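Please read them alongside the coordinates.

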Amino acid sequence: MAAVTPRVFVSHLAGVPVFDPNGDQVGRVRDLVAMLRVGGKPPRLLGMVVEVVSRRRIFLPMTRVTGVESGQVITTGVVNMRRFEQRPTERLVLGEFLDRRVRLKETDEEVTVLDVAIQQLPARRDWEIDKFFVRKGRGGALRRKGETLTVEWSAISGFSLEEQGQGAESLVATFERLRPTDVANALHHLTPKRRAEVAAALDDERLADVLEELPGDDQVEILGKLAEDRAADVLEAMDPDDAADLLSELPEADKERLLALMRPDDAADVRRLLSYEERTAGGLMTTEPIILRPDATVADALARVRQQDLSPALAAQVYVCRSPDETPTGKYLGTVHFQRLLRDPPYTLVSSIVDSDLVPLAPDTPLPAVTSYLAAYNLVSVPVVDESGSLLGAVTVDDVLDHLLPEDWRETDFLGEEEIDGGR
């Protein structure tokens, strides 16, 4: 008797690395591609959508998969680097099956799909969808509510119908281990309907992080499908410069309406950024760098630098200013770089080690001059100071790169369209 191959649940495959026979990583699994079949047969698994190092999504046929185990996928042979494009007869398992509401044939009871199991057919390289892990009752935010059970494909109906109100809790759960950039890339490749469902299921902080990594068109689309109160909450959770960039893409009436719904302090920061030309230091800067008073110590500075939600560029230096210590601050005194903080005793006052030699930028400094400044002095961040000497914010190298690259750089492959193998 042929040995039964182990069952694999697809939620465990999301994001796992894919290796070639030499042990080199090809990319990571982002979805699986299945094809519905007539006659009540289980859907056949055609392949995997793999995101390679260039962030391009390619198709990996299941016939090239030699192992799915221990948190990794092993493939054999050369890989076709052509961009994956979904065909009309194909279904994305993670994107379209999870959270779908279907019915048990025996009782006509509605259930929600939480996970899907796949299995390799004995003595063949073909794979098919084997079972479904479902929860009884309608979908909702309380994922643990209701009886759960595992059923055969033949025991359910409803996959041939267009889903009108699909939830997103199970798909969101597969994103938990992903960085915001990777979640954004996954959202970009979903349908607009599915994208809106996933966005609605993410909490405000997570959605804010993801929006900051999405192309402008996707940002506007998602924000436009949120209730206005929630859209304002998400804008508050975004970095002020990113929120300002997003609001600048909206019609004036929509922009003002959302600003009015935001907390006054957050709205004031965003309005200030919107008052500057986009491709200037004022338009590029963030209003939330690390600011310390002159009597703060190195220990105080290191505690601030260690904050988990800071980007590496912002955490690379602190700015020493007189009170008030929120932008616009009192008089800007200078910068202390992270490496200097590591070299001095914890009790040292930051005012005694401040670097005041570099001249800060004015808010109307054009983008080319900002770029040259960062490059000339090998900096990852530069202060922006007004005529009165108050610190307004800081321009980080990542914000400069966002504006130097083509507008569609988030949607563009880093590699060309050359192929390593034949077509699908």
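1. Helices (H or I, at least four residues) and strands (E, at least two) are DSSP runs, numbered from the N terminus. On that basis leucine 404 falls in helix α15, residues 397-404. This is a predicted model, in which local features need pLDDT of at least 70 and side-chain atom pairs count only at pLDDT 80 or more, while totals for chains, interfaces and linings use all residues. Residues are numbered from 1 along each chain as its sequence is written, and side-chain values use heavy atoms, with hydrogens and water left out.

2. Surface patch. Leucine 404 counts as partly exposed because its relative accessibility is 47%; buried means under 20% relative accessible area, exposed over 50%, and partly exposed in between (1.4 Å probe, protein chains only). Together with Val380, Val397, Leu401 and Leu405, Leu404 forms a nonpolar surface patch of about 370 Å² accessible area. Patches are made of residues with over 30% relative accessible area and no salt bridge; like charges are joined within 9 Å and nonpolar side chains (Val, Leu, Ile, Met, Phe, Trp, Tyr) within 5 Å. The areas come from the Shrake-Rupley method with a 1.4 Å probe, and for residues only the protein chains shown count as cover.

3. Cavities. A cavity is a set of points, on a 1 Å grid over the protein atoms alone, where a 1.4 Å probe fits but cannot get out; lining residues have an atom within 4 Å of a point. Grid points are joined across faces, edges and corners, and a volume is the space filled by probe spheres set on the points. The count by this rule is 4 cavities of 30 Å³ or more, and the largest cavity has a volume of about 80 Å³.

4. Lining of the largest cavity. Of the 13 residues that line the largest cavity, Tyr332, Thr335, Leu358, Leu379 and Pro383 lie nearest its centre. Strands β16 (332-337) and β17 (381-385) each supply at least two residues of this lining. By class, the lining has 9 nonpolar, 3 polar and 1 charged, where Ala, Val, Leu, Ile, Met, Phe, Trp, Tyr, Cys and Pro count as nonpolar, Asp, Glu, Lys and Arg as charged, and the others, Gly among them, as polar.

5. Salt bridges. The structure holds 23 salt bridges, each a side-chain nitrogen of Lys or Arg within 4 Å of a carboxyl oxygen of Asp or Glu. In one of them, glutamate 197 pairs with arginine 194, the closest N and O atoms being 3.0 Å apart. About one helical turn separates glutamate 197 and arginine 194, because they are 3 residues apart in helix α4 (residues 192-201). Both glutamate 197 and arginine 194 are buried.

6. Two further pairs. Aspartate 254 and arginine 257 form a salt bridge at 2.5 Å, N to O; both lie in helix α9 (residues 252-261), 3 residues apart, about one turn of the helix. Aspartate 254 is partly exposed at 29% relative accessibility, and arginine 257 is partly exposed at 37%. Aspartate 266 and arginine 263 also meet in a salt bridge, at 2.8 Å. Here aspartate 266 is buried at 16%, whereas arginine 263 is partly exposed at 48%. Elsewhere, salt bridges that share partners join Arg30, Glu51, Arg57 and Asp182 into one network.

7. Backbone geometry. Most residues other than glycine have a negative phi, and most peptide bonds are trans. A cis peptide bond joins serine 323 and proline 324, with omega about 0°, and another cis bond joins threonine 327 and proline 328, with omega about -10°. Proline 324 is in the loop between β15 (317-321) and β16, and proline 328 is also placed between β15 and β16.

8. Aspartate 99 sits in the loop between α1 (93-97) and β9 and is buried, with a relative accessible area of 2%. Asparagine 378 lies in the loop between α14 and β17 and counts as exposed, at 70% relative accessibility.

Methods
On a 1 Å grid over the protein atoms alone, a cavity is a set of points where a 1.4 Å probe fits but cannot get out, and a pocket is an open set with protein on both sides within 12 Å along at least five of seven lines; lining residues have an atom within 4 Å of a point.
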